[in-house]
Amino acid sequence: MTEIEWWDFDNSEEMVDAVTGDIQFIIESALDARGSAVIAFPGGNTPMPIFDKLASAPIKWKYVTIIPTDDRLVAVDDALSNIAKIAKIFLPLGARVVPFTSEAADYNLAGSAADARLQDMAWPLDLVWLGMGLDGHTASIFPGPDMESALDVKDERRAIGVQPDPMPDNAPVNRVTLTANAIASARTVMVTIEGMDKRGVLERAIELGSASDVPIGRVFGALSVPVDIYCLDK
């Protein structure tokens, strides 16, 4: 079992400050050690205040490469696009923002193309920042026909196309996601969640680890690096 540290917050401002400070430290440590940093940011609404605060931090963004942990197979100007939100904030700062999805009709082909792009990048990732849904999915590793492939840590693919089953109501589209193997290889992993309901799901998933019936539990079962979990209690 990997070492896990929980950080609990009573208000969102405290959590935003803490997560921002830790991400800044991770990036600056990578820049000091290797002259560059490669990081994976999540989608959704929770990261946005943190993105905004990071954008004002004195980071040498031109040496930082950002990829999404996952994305929806939609046009880059679609409201559902994760990379569009990331690019809007960090491209003007000089960061290299790398999309790994396309509007390919076949999500398996989109996953193969994303994997090929990631195989050509510097590895391992310096940071993978994950979120989690109430169903226990993380990144876009959802229950469905592709879940076992995405969670197979012996599979050397770094990205895979997935078809959630059932489709999420808020975004009923196919996706591309980092695999558990890619996540587990990262130098640093952090998780941000909001609400006691999600905390309960995550605690149970971590306890069961590789025997969990939800994706994030299986991911935790594959991790060996310490993980920081930031939870907004509300």
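This is a predicted model: local features need pLDDT of at least 70, side-chain atom pairs count only at pLDDT 80 or more; totals for chains, interfaces and linings use all residues.
Select the seven strands: they form an open sheet in the order β1-β10-β9-β6-β2-β3-β5, with parallel pairing. Look at the edges next. β1 and β5 (residues 96-97) stand there with a single partner strand each, so one side of each is left without a neighbour in the sheet.

Now zoom in on β6, residues 127-130. Three bridges join β6 to β9, and the two run parallel. Pick W129; its bridge partner in β9 is M190.

α1 lies across β1, β2 (37-41), β3 (64-68), β6, β9 and β10. Against β9, α1 runs at about 165°.

Move to helix α7, residues 196-208. α7 lies across β1, β9 and β10, at about 170° to β1. Its 13 residues reach 18 Å from the first C-alpha to the last, close to the 18 Å expected at 1.5 Å a residue.

Which residues of α7 are buried? Show R199, L202, A205 and I206: these are the buried ones. They cover an arc of only 135° around the axis, which puts them on the same side of α7.

What do the buried residues of α7 pack against? Select β1 (4-9), β9 (189-194), α8 (215-222) and β10 (227-232); these are the elements they pack against.

The face pointing away from the buried side carries D197 and E207, both exposed.

Finish just past the end of α7. G209 takes a positive phi of about 55° there.

How values were computed: Residues are numbered from 1 along each chain as its sequence is written. Side-chain values use heavy atoms; hydrogens and water are left out. Helices (H or I, at least four residues) and strands (E, at least two) are DSSP runs, numbered from the N terminus. The expected span of a helix is 1.5 Å times one less than its number of residues. Buried means under 20% relative accessible area, exposed over 50%, partly exposed in between (1.4 Å probe, protein chains only). The arc is that of the directions from the helix axis to the C-beta atoms. Contact means heavy atoms within 4.5 Å. Two strands pair if DSSP finds at least two bridges between them. Axes are lines fitted to C-alpha atoms, for helices over the stretch in contact, and angles run from 0 to 180 degrees between N-to-C directions.
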